[in-house]
Each structure stands twice: as C-alpha cells, then as structure tokens.
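Let's take a walk through this model together, from its confidence values to its packing. Keep the viewer open as you read.

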Amino acid sequence: MSKKVPLYIDGEFVASKSEQWIPVTNPATQEVIAQVPVATQSEMEAAVESAREAFKTWKEVPVSERARVMMRYQTLLKEHQEEIAETLAQETGKTFEDAKGDVWRGIEVVEHAANIPSLLMGETVENVARKIDSYSYTQPLGVCAGITPFNFPAMIPLWMFPLAIACGNTFILKPSEQDPLTPNRLVELFEQAGAPKGVLQVLHGNKDQVDFLLDHPAVRALSFVGSVPVAEYIYRRGTENGKRVQAFAGAKNHCVIMPDANKQQVINNMVGSSVGAAGQRCMAISVAVFVGAAKEWIPEIAEAIAKVRPGAWNDENAAYGPVISPQAKERVEALITQGEKEGAKLLVDGRNCKVDGLPNGNWVGPTVFSNVTPDMEIYKTEIFGPVLCATEVDSLEDALELVNNNPYGNGTSIFTASGAAARKYQHEVEVGQVGINIPIPVPLPFFSFTGWKRSFFGDLHAYGKQGVRFYSETKTVTARWFESDLEDPAGPNMSINLR
C-alpha cells in the first residue's frame with residue numbers, strides 16, 4: 001500500500017481525517033508512491049489558529065535568535081541534500097543532478113535568511129522639524145501563506161517560508177499535490193532545526209484549500225508561483241480580500257543570438273536552457289531569436305539538441321526526465337502537432353519518445369522548430385516542455401521589438417561579443433531578468449526575482465533584496481564576459497564597463 005502523506009499542524013505531523021485522497025505517481029513509471037489528503041475544513045481552521053497563536057510569541061523573539069534557527073536549518077539541509085534530492089527526483093522525474101540543484105538553490109535562500117538582522121533595519125532622520133526626530137521600524141505582518149508549484153518542490157517553498165519566518169511571521173505552506181513528499185521532508189528538518197511549535201504549518205489539497213487561504217481574514221499575505229490564469233485568479237481574489245499578494249506567473253523567454261557571438265558557446269547553452277528539466281521551468285529558453293547571419297547556426301543547434309535523450313532519475317546518461325503527468329505530455333505533444341499544422345518547420349520531433357525499460361513514462365523527446373512566427377500558438381503559449389522555437393530577424397532593433405511585444409517579461413538573454421549591443425539590449429528590453437552570454441539569468445537570493453508584465457502580479461518583487469518601491473520596476477542583469485569576446489567594433493570602452 002502506498003504511503004499516506006500527513007499534514008503538519010501545530011508542530012506535529014498528523015494523519016488527515018479526509019475522505020478525499022490524491023495519488024502521487026512516479027512520472028517515469030506511473031507507480032503510485034503516495035497518497036496526499038485534501039485537508040478538511042476543521043484541519044484548515046486548526047492550522048490557521050495555530051499560526052495565529054504562534055505569531056503572538058514568535059514576533060517577540062529576538063531577530064538574532066530567529067537567524068540562528070535559519071543557520072541550523074541550512075546546516076541540516078546541506079547534510080541531507082542528497083537524500084532530499086533522491087525523494088524529489090522520484091516524485092518529479094528530475095535527474096539526480098537536477099534534483100540536487102533544486103535543493104541547493106533553496107539552501108542559498110536559507111543562507112540569505114540567516115542574514116535577516118541587517119535586512120530588517122529601519123531608517124532614522126534627526127531633526128525632521130525643530131527638535132523632532134523620526135525613525136521607522138520593519139515589523140512582521142502576521143500569518144502568511146505560500147502556494148507552490150510542482151516543478152521546484154524544494155527551491156520554491158524555500159523561497160517563501162524561511163524568509164517570512166525569519167522576519168517574524170508565521171507561515172502556512174500549501175505545496176503542489178503532485179509532489180508533496182519533498183516539502184514534508186523540508187518541514188521535518190525545519191522542526192529539527194529548533195523552529196517553535198506553530199510557526200510553520202503544511203496543508204495539502206487542491207483549489208479548495210487555496211481558496212480557504214485566499215479568503216481567511218487571519219492570512220495577511222500570500223505568495224504564489226505558477227501559471228498565468230491561476231496567478232491572475234489568486235492575485236484578484238486575494239487583493240479583493242485585502243491581502244498582500246505576490247503572484248509569479250508564466251513566461252515565454254527569448255534568447256537573442258547575434259552573429260558576432262561565440263557559436264560553440266551558443267550551441268552548448270541552447271541545449272541545456274531549452275530542454276533541461278524537460279523544459280518545465282519558468283526561466284527556460286523557449287524562443288531563440290537569430291539575428292542576421294546567425295540563422296546559419298540553426299541546423300547545428302538542432303543537431304546538438306537531437307542528441308539529447310531523456311531517462312530515469314538515476315540514469316547518469318540522461319539529460320532530463322519525464323514531464324510531470326500524462327496530461328502534461330498530451331498537452332505538449334498537441335502543441336507540437338499544432339505548430340506543424342500552422343506552418344513551422346519541425347526540425348526535431350519529440351513525439352512518441354521511448355525510453356528502454358520504462359514504457360509508461362511521460363516521455364517527450366527534444367523538439368526544435370524553425371520558421372516560427374509570432375502568430376503561431378507554439379510562440380504565444382508557454383509550452384512547459386522540451387521544445388525550442390527558432391525565429392529569425394534582421395537586426396537587434398527587430399529583436400527588441402519582437403521581445404517587447406510579447407506579453408511576458410520573466411527572463412531573456414543575449415549572446416554577443418559586442419558591449420554596445422549588450423548595453424543596448426539590457427537597457428531597452430522590457431524583461432525583468434536579463435542574461436548577457438548567460439542563458440538562464442536566475443539571480444542569487446540577495447537580488448530580487450524580477451518578472452515584468454504578465455509574468456508577475458503584485459506590489460513587490462520578493463524573496464530577495466529588500467526595499468523595492470511600489471512605483472518602480474527592478475531589472476536584474478547577469479553578465480559573463482570572456483577575454484576573447486572583448487574585441488568590440490563599436491568601441492572597447494563599452495565592453496570594459498560591462499565586465
């Protein structure tokens with residue numbers, strides 16, 4: 001019999017009394033490895049009440065003591081990284097190395113949370129008027145909640161609850177019902193790190209549990225990561241109820257490839273950034289924009305991607321694993337079929353992919369389209385699969401127009417040896433995270449995760465840098481320059497300034 005996943009309420013793992021249970025399957029085999037409950041009304045109320053009571057005392061705990069909990073927690077996470085990654089790989093299908101990376105990026109956020117005292121400092125001005133001084137404090141809100149997706153079951157929960165709790169809040173986590181074992185293990189270790197009873201709760205379930213958190217008056221703030229329609233729904237319903245909401249949504253990330261770029265560097269980076277993690281990440285490169293003569297590289301990129309093969313989590317030769325569910329596989333393959341019907345040229349076809357010994361896995365092979373135009377569904381839709389769409393433009397200005405016309409603004413990259421081109425692109429592109437000669441510019445935790453346009457709904461970009469103001473956008477640029485790339489026909493000073 002498969003394991004029944006417990007809830008975590010008031011400092012204890014408890015067996016749910018629910019009559020509704022959701023199967024958790026291994027995406028590579030369809031084996032049911034666990035059953036996750038749909039939390040009952042009384043269980044949800046108990047979690048909120050415990051979090052509300054715990055807040056009364058936790059907010060008074062000295063900030064240095066809260067930081068020490070995070071120090072102990074990051075030590076435990078490092079000690080158990082491989083064990084967590086193995087669980088994560090089995091329930092998501094990720095390769096073991098990819099799963100370890102998922103855990104590690106979460107550990108980095110916990111390390112950042114351990115530095116919370118300096119991030120909570122207020123401001124002071126003496127003599128704002130004669131003999132009158134003014135100063136501000138940064139104080140916790142109360143009960144906060146997080147709704148996390150399937151694709152990063154370690155990293156994204158660790159984006160949320162460690163920082164919220166380090167700030168003095170209490171937290172209710174509602175993880176994805178598709179891979180709940182990893183979040184539960186994170187909570188076990190958090191308890192071992194010395195987190196007080198009631199500071200963290202875990203409610204499993206589906207939409208009803210999300211709506212409960214959106215509606216309950218005791219929940220003051222809520223974070224979400226997921227698709228655009230759900231992000232819009234959560235942002236609208238949460239803010240209508242007077243909550244602070246930050247909702248990170250979908251993406252259609254473009255990589256602009258200039259003809260002066262290092263060709264081999266481009267090929268190597270496009271393979272991993274487009275089909276890595278089976279394309280199931282909001283920062284994946286799904287559109288390659290070839291400028292001018294760079295289009296001549298498309299066949300070589302397609303050839304390199306075609307050599308990549310998926311496989312089981314413990315297959316050292318596998319580049320990525322299955323997509324999360326049979327429904328996800330069906331959706332991705334339907335979009336590939338539609339792209340072909342709409343006139344895109346299918347250079348590499350990932351449909352009907354087979355993996356030896358695992359006939360029931362949700363396998364989608366690497367896929368590459370060329371001649372993709374903005375009116376095609378494969379261009380407009382976030383496919384969330386190992387699919388790369390190649391399109392061609394004549395100039396950098398045309399590339400900027402294409403990217404800026406896209407409704408999403410999560411991440412983008414440019415590959416070029418020209419500092420002038422890089423400076424122009426990072427300055428004019430309407431996207432929150434920009435890579436220069438880096439395919440996936442995900443920032444470290446002490447920077448903001450900065451989606452723009454329909455990739456983000458909310459007032460503050462969160463999880464990292466403090467103090468982002470309401471009336472400005474934050475753009476994070478991550479640049480890599482090699483000595484051999486610094487010969488810039490537009491002027492060497494620009495390249496030097498960008499290093």
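Which residue just after α3 takes a positive phi? It is Gly 93, with a phi of about 90 degrees. Before going further, a word on conventions: this is a predicted model, in which local features need pLDDT of at least 70 and side-chain atom pairs count only at pLDDT 80 or more, while totals for chains, interfaces and linings use all residues. Residues are numbered from 1 along each chain as its sequence is written, and side-chain values use heavy atoms, with hydrogens and water left out.

How confident is the predictor? On the pLDDT scale (the predictor's confidence in each residue, from 0 to 100), the protein chain has a mean of 89, and 91% of its residues reach 70 or more. Helices and strands here are DSSP runs, numbered from the N terminus (H or I with at least four residues for helices, E with at least two for strands). Please read two stretches with care. Over residues 462-472 the pLDDT is below 50, and this stretch has 30 contacts in the model beyond near neighbours in sequence, a contact being heavy atoms within 4.5 Å. Over residues 483-499 the pLDDT also stays under 50, and the model has 27 contacts for them beyond four places in sequence.

Now back to α3. This helix covers residues 81-92, and its 12 residues reach 16 Å from first C-alpha to last, close to the 16 Å expected at 1.5 Å a residue; the expected span is 1.5 Å times one less than the number of residues. Its buried residues (under 20% relative accessible area; exposed means over 50%, and partly exposed lies in between, with a 1.4 Å probe and protein chains only) are Gln 81, Ile 84, Ala 85, Leu 88, Ala 89, Glu 91 and Thr 92. They pack against β4 (21-25), β5 (32-37), α2, α4 (96-113) and α7.

That last partner, α7, deserves a visit of its own. Helix α7 has 12 residues and reaches 17 Å from its first C-alpha to its last, close to the 16 Å expected. Nine of the 12 residues of α7 are buried, so this helix is largely enclosed by the rest of the structure. Among those buried residues are Leu 181, Arg 185, Leu 189 and Phe 190. Gly 194 follows α7 and has a positive phi, near 105 degrees.

Rings of Phe, Tyr and Trp (its six-membered ring) pair if their centres lie within 6.5 Å; planes under 30 degrees apart count as stacked, over 60 as edge-to-face and the rest as tilted. By this rule there are eight aromatic pairs. In one of them, Tyr 73 and Phe 161 are tilted, at 6.2 Å centre to centre with 40 degrees between the planes. This pair links distant parts of the chain: Tyr 73 is in helix α2 (residues 63-79) and Phe 161 in helix α6 (residues 155-166), 88 residues apart. Phe 161 also meets Phe 190, with centres 5.4 Å apart and planes at 70 degrees, so that pair is edge-to-face. Here the link runs from helix α6 to helix α7 (residues 181-192), 29 residues apart. Ring pairs join Tyr 73, Phe 161, Phe 171 and Phe 190 into a cluster.

Next, the nonpolar cores, which are sets of buried Ala, Val, Leu, Ile, Met, Phe, Trp, Tyr and Cys residues joined through side-chain atoms within 4.5 Å. The largest has 62 residues, and Val 256, Ile 257, Met 270, Ile 378 and Tyr 425 have the most contacts inside it. Strand β14 (residues 285-291) gives the most to this core, with six residues. Apart from it lies another core, of 53 residues, among them Leu 76, Ala 154, Leu 158 and Phe 456.

Let's finish in the loop between β20 (433-436) and β21 (452-453), which holds Pro 439. Pro 439 is buried, with a relative accessible area of 12%, and touches Asn 269, Ser 273, Ile 285, Ser 413 and Phe 415, not counting residues up to four places away in sequence. Asn 437 lies in this loop too, and has a positive phi of about 60 degrees although it is not a glycine. Asn 437 is buried, at 1% relative accessible area. Asn 352 also has a positive phi of about 60 degrees, but this residue is exposed, at 63%.
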